[in-house]
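Please look over the structure shown here before reading on. The briefing then goes through it topic by topic.

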Amino acid sequence: MPRRNDIKKILVIGSGPIVIGQACEFDYSGSQAVKVLEEDGFEVVLINSNPATIMTDPGLASRTYIEPITVEFLEKIIEAERPDALLPTLGGQTGLNCAIDCAEAGVLEKYGVELIGADLGAIEKGENRKLFAEAMERIGLEIARHGYAYSLADAQQLVIELGYPVVVRPSFTMGGAGGGIAYNAEELREIVTGGIDLSPISEVLIEESVIGWKEFEMEVMRDRNDNAVIVCGIENFDPMGVHTGDSITVAPIQTLTDRQYQRMRDASIAILREIGVETGGSNVQFAVNPADGRMIVIEMNPRVSRSSALASKATGFPIAKIAAKLAVGYTLDEIDNDITKKTPACFEPSIDYVVVKVPRWAFEKFKGTDETLTTRMKSVGEVMAIGRTFNEALGKALRSLEDGRAGLGCDGKDIFTDESNFTEKLTIPNQERIYYVAEALRRGMTAGRVHELTRIDPWFVDRLVEIVACQQSLSGRALEDLSAAELFAAKRQGLSDVQIATLTGATEHQVRARRKDLGVTPHFRMVDTCAGEFAATTAYYYKCYESGDEHVPATKSRAVILGAGPNRIGQGIEFDYCCVHAAYALHDADFETVMVNCNPETVSTDYDTSDRLYFEPLTYEDVSDILEVEDPAGVLVTFGGQTPLKLARPLEDDGWPMLGTRPEAIDLAEDRQRFSAVLDELEVAYPPAGSATSVEEAREIARRLGFPLMVRPSYVLGGRGMVIAYDEAYLESHLAEAARITPDHPVLLDHFLEQAIEVDCDVVCDGTDTYIGGIMEHIEEAGIHSGDSACCIPYFTLSETTVGEMREIARRLALRLGVVGLMNIQFAVKESTIYVLEVNPRASRTIPFVSKATGVQLAKIAARVMAGEKLADLGLPPDDRRLERYCVKEAVMPFNRFPGADSVLGPEMKSTGEVMGAAPDFPRAYAKGQLAINYELPTSGTVFLSVCDRDKRAVVGLALSLRNLGFDIVATQGTAQVLEAAGIPSEVVMKKYEGRPNVIDRITNGEIALIINTPFGQETRSDGYHIRAAAIRHRITNVTALSAAMPLVQAIAARKEGNFDVCALQDFEVAHG
Amino acid sequence: MPKEGIMTYPALDQAPWPDTRPARLALADGLVFEGWACGAEGEAAGEVCFNTAMTGYQEILTDPSYRGQIVTLTVPQIGNYGITATDNESRGCFCSGLVVRQMCAAPSNFAAESSVPDWLREQGVVAISGVDTRLLVTHIREQGATMAVISTDASINTAELVARAQAAAPLTGRDLVCEVAYGTPYQVTTDASKPYRVVAIDAGIKFNILRNLSALGCEVRVLPPTATAADIRALDPDGLFLSNGPGDPEPVGYLYRTVAELIGELPIFGICLGHQMLSLAVGAKTYKLKYGHHGGNHPVKNLLTGAVEITAQNHGFCVDFDSIGDKMGSGTVLSSDDKTVPDPILSAPIVTSAKHGRVQLTHLNLNDMTVEGIRLLDKQAFSVQYHPEAGPGPSDAHYLFKDFLALMAARRPASGPFTDADTPAALKESEVAYAAA
């Protein structure tokens, strides 16, 4: 069946901000789909609140709306655009839920919009566990024994039948939020109560535990002719009990016989048919009892997913792209296989390598939270690696994680802190488990015992045994005694040069040199979808230590772009966005673009994005191997955040040409002492600072500068390890930890500017001219990490004089540092003095936001400048023009995933993503940002106010505004006194430790609509902590900085007035470059 | 790769087990891979081919159609789930040898009864691991299928091994069917109370075919390929099934001539070599493919319904549809350059066979546009080149067995069990045990 010509305009919903469980894989899927639909002549209208995405680039869809993903805004867009169809399966659970809400609200019917690529009935059958269970019964498939609970009593009753442990899954939550495994009555109470709260329909599923069973996933596609293919089968290394997003996963399936596999295949296709997924991709999850092969269906997702992105990268079969084509009428046999160009897409990829995905966690950011891995996803990113064997792929994946490790241990980083609980580290899934398993094997634990303790399949354990045996065969030997065969063996077991160096007491460079002398060098192979059966034309490569290079010689100069690696807090989609833009721009500048990255969720690792793709770790070793093959004209290290930046110096030392800003300039900006000299030379103010290499030195500097102090380790991203110290005791207790993070680098101490306005500025410099890309005024005051604070373009309180001065400082700094490309400056303004807090001569997190807000594609411009073009020749709009719309960027926090961790904002970044709100004025723009995250703003009810002494004066105005908006106020004693003095009525409520009923009770009872509670200093586990925890538990807006409270009140006022418009990026009244 | 001279690749892994012996794979064109013996000791010669299926090594190794071939598996890690007797596709291994990237000796699967290396030794199959299979596969893809030798005898020099590979008899022109077919008739029962009685000609039949027929209510009498038309008529079956089998179909004249005699007398269904037998019987020519089809992921379009099936494939020879006779009707010519698949039914091409009337192309391989199935429009017979019985591979095309049943039902009601159940009991039991599994 060919393309549908009755559809002209298609509305696509994105997935909104990056959150745990819903990350940039949906930007990859969405971008692919939008691109392919536009290429096919459809007019795509896109809604996504996340400005850091490629899919929201104004050039991709015909009409791009960065608006909250809610029925209200979707209806406004539908009313304005009148699309023929809505494609809801590309935006994760967010997109799907919004589409369902829209349909149920009658919006689609009202405007005659057809839902394509999904069927409401099918979605409901797939997601409603009851309907799903019935459907599975009809087709003779088993699911886990289970029942539903709407109260704790229901749950307790069910457990009598099922027995402990039981799995608790709240209905309709994302990424398993609120779920867990209950081993006892106490845990049951906790999880069920929380789960019922979180479930939009107050329902939880209680099911028999299949913990320890083998877990599998199938990625299936089906077209309207009922053709169905399995794109990829995935086997989980971690058995059932760990969310698949938190599991190490492997493709293809390793331990099923053909008969067992085909049964799963048939079941997967039967499920799609029964559920009614007429076109598109779905993910089906199975558990298999290792003792007898009993197979049960866990769940299915009738949409593209994190796993489908992984499957696409693992096989070269672009699921989202094909799902989009199927949605508009094509059948699988009418679509070409992109990779071979000769065979159709209606086939099942065969792969002759092994793919391993390893999750990346960020528990270090959320102290106090439970780090056990459960059915509730906690990882913030993932890496994928390709090797010829599982062993090789695992090693590559582990060294891709950007967590300082260089493989499965023996990398000089083996610290087993939990000696006393060593066994527990094996039995209870945790982020370090695989290292503990390897160590257990090293210490002589048998593979059988490891399997008993971990339930990891014996096949996987045996592979770890092989890796460990290889490590032990090298341990303690001299590098020069190792033969070529032994080095080859080590490489094929996935060992990195760093590991070999550690084992042999050599350096990484010595290992590399020795390998080369002995001819132990890698070859590059193609990901070709067909295990070599047909010749492929797409330059998608992985490295292995076998023979026969399939690398095709290039015809043009190569520009190598080093990507950003796994998503983690502080380094997310924004850097991938920059890398993708660089690939586009450098391709247009007639380079053959070469992308290196290991993050399967991203657009950069789509083989369509650059001319050549290397799916490889971003380590010195792996990148050097690629550079030696590509011999590039330039390497771009400044777009992928900290990951490639740390390679800049060693790669340049090896003689590789860097594009744009030289590593020297990066060092100059990073070295506080040298940088202070530069600022002095330019007569620019900065907070008095000092650099300490010892505690004594730090104490001395503190005495000189005075408290409060901003304490930071050097060379970090996302403010890792940064704190504000208000006194000497805290400073000292913190230093031990900070020093541990980067032992080679000193700790920096700045005088902390309290209550200063922070301003971010992104510039492009070509060595002659400087273009001020954007000046962002932060909402929260300095001291809260810029990644966690909201900001606005254009600025809304700064004076023209101040801004003019900043622009001048930015220009002088860029030229002085020798920046060619991007540079980000953070300013603080206090009492009309402008301080420079930090300068980073590289792509910053705000580049995509600025580009969306101003319409000037900064990353692309920077890439062109780095390739030698001049700003003057690029025809850019004046950089001081006044913008018509206010654009607010707001950070999205993951605290609901980390119960126990404190949610107060500080100098260490904790947000996972961002949204943008745009409106003709600031309050409405800010309101949209809030709506994009929380879907609604509190507009009536009771506000709880409790502020620290510092904020007591300012709270009066705030309280007055709230009263005027019709809110009642409850306040703690101190704050209430201030309000009383000002004549503002309020009710006094007790703090947690003052007695009961207290504020926590009021929150728990749902009596509080909004919380404004500002903390002071290093209070931990204080009253404020409990209030914040309760707020997160009950999903109540909680503001912890007064600077954010005023804009919120303005936003609430605007919300009460209504009058929110929608505006496509294409209609922003500036030229889009 | 040098056409002349020898190019040797060292083994990729170190010895996987303490007592592992080295082995070598030598291709006739001088490409030599060193590796490790992971099966029986000795020497094996055959045409080296590759299979891209990601599961099902046991079914592949026990498929009699691999007679005369050294099978290279593209999945790198083999043996992970061991061997399960009930997954055998025949009474043993018929392939000449096995080439893998890595072999697992300690399987992990509840169903595993033995490890692959142990089983290969039992079966006497020479196998080599530690080979860069990807390199070998791309070499075969570019150069075409070639003869090769695997040897575990370290005393033979490499040049001699290459010479032995060069001396090995190629598949073309050889009758391998007689080497794999079971010499005596046997019977497969069914639970059906009034079964269809089916004669299956064993040219190397896979058990999964028998399992499928049995499950659908057919009692199957399996006869050797040399059975005559008179033998078959004597049993008065409701239908005739032509099995898969190894090698070049053209030398198997005794079988396709029997088929030619029986066309029109009773419903006929052929799979793989059986398809080639039916095609040859209606006057087709066959030809050798460059490197064959071996795998579990080939898309085949059913031209009658428009549906695409993901199929299991295992054949090195192929039917030339146009050679059957003159084109008629509005059939569209299809070539590998023109991938436009015609509209179903009306444009599935039809040719006229001199003796058997109209023959229609029913199935087409979408990867290379080769013939995957035909049917006779004036007689009750159809066949497919691929493997609807799966084992290994997807079961998308299971409907073909039902089509066969429908064809038999259209002719006459099920006749009930064969009446002359004179099959030796011992044989019957052992074979049936496999078939019913």
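This is a predicted model: local features need pLDDT of at least 70, side-chain atom pairs count only at pLDDT 80 or more; totals for chains, interfaces and linings use all residues.

Residues are numbered from 1 along each chain as its sequence is written, and chains are lettered from A and ligands numbered from 1 in the order in which they are written.

**Nonpolar cores**
- The largest nonpolar core has 491 residues, and those with the most contacts inside it include A:Val356, A:Ile561, A:Phe827 and B:Ala165; such a core is a set of buried Ala, Val, Leu, Ile, Met, Phe, Trp, Tyr and Cys residues joined through C-beta atoms within 7 Å.
- Helix 20 of chain A gives the most to this core, with 11 residues, where helices (H or I, at least four residues) and strands (E, at least two) are DSSP runs numbered from the N terminus.
- Because domain 1 (7-167) and domain 2 (177-432) of chain B both give residues to this core, it lies between them; the domain bounds come from an automatic or database domain assignment.
- Apart from it lies another core, of 16 residues, among them A:Leu158 and A:Ile196.

**An enclosed helix**
- Nine of the nine residues of helix 29 (residues 858-866) of chain A are buried, so this helix is largely enclosed by the rest of the structure; buried means that 20 or more other C-beta atoms, placed from the backbone, lie within 10 Å of a residue's own.
- These buried residues pack against several elements of chain A, including helix 20 (573-588), strand 30 (821-830) and helix 28 (847-854).
- Just after helix 29 of chain A, A:Gly868 takes a positive phi of about 115°.

**A helix crossing**
- The axes of helix 30 (residues 922-934) and helix 35 (residues 1042-1057), both of chain A, come within 8 Å and cross at roughly 95°, the axes being lines fitted to C-alpha atoms over the stretch in contact and the angles running from 0 to 180 degrees between N-to-C directions.

**Between the chains**
- In the contact between chains, 47 residues of chain B meet 48 residues of chain A, contact meaning that C-beta atoms, placed from the backbone, lie within 7 Å.
- Helix 3 of chain B gives the most to the side of chain B that touches chain A, with six residues.

Terms used:
A residue is buried if 20 or more other C-beta atoms lie within 10 Å of its own, exposed if 12 or fewer, and partly exposed in between; C-beta atoms are placed from the backbone. Two residues are in contact if their C-beta atoms, placed from the backbone, lie within 7 Å.
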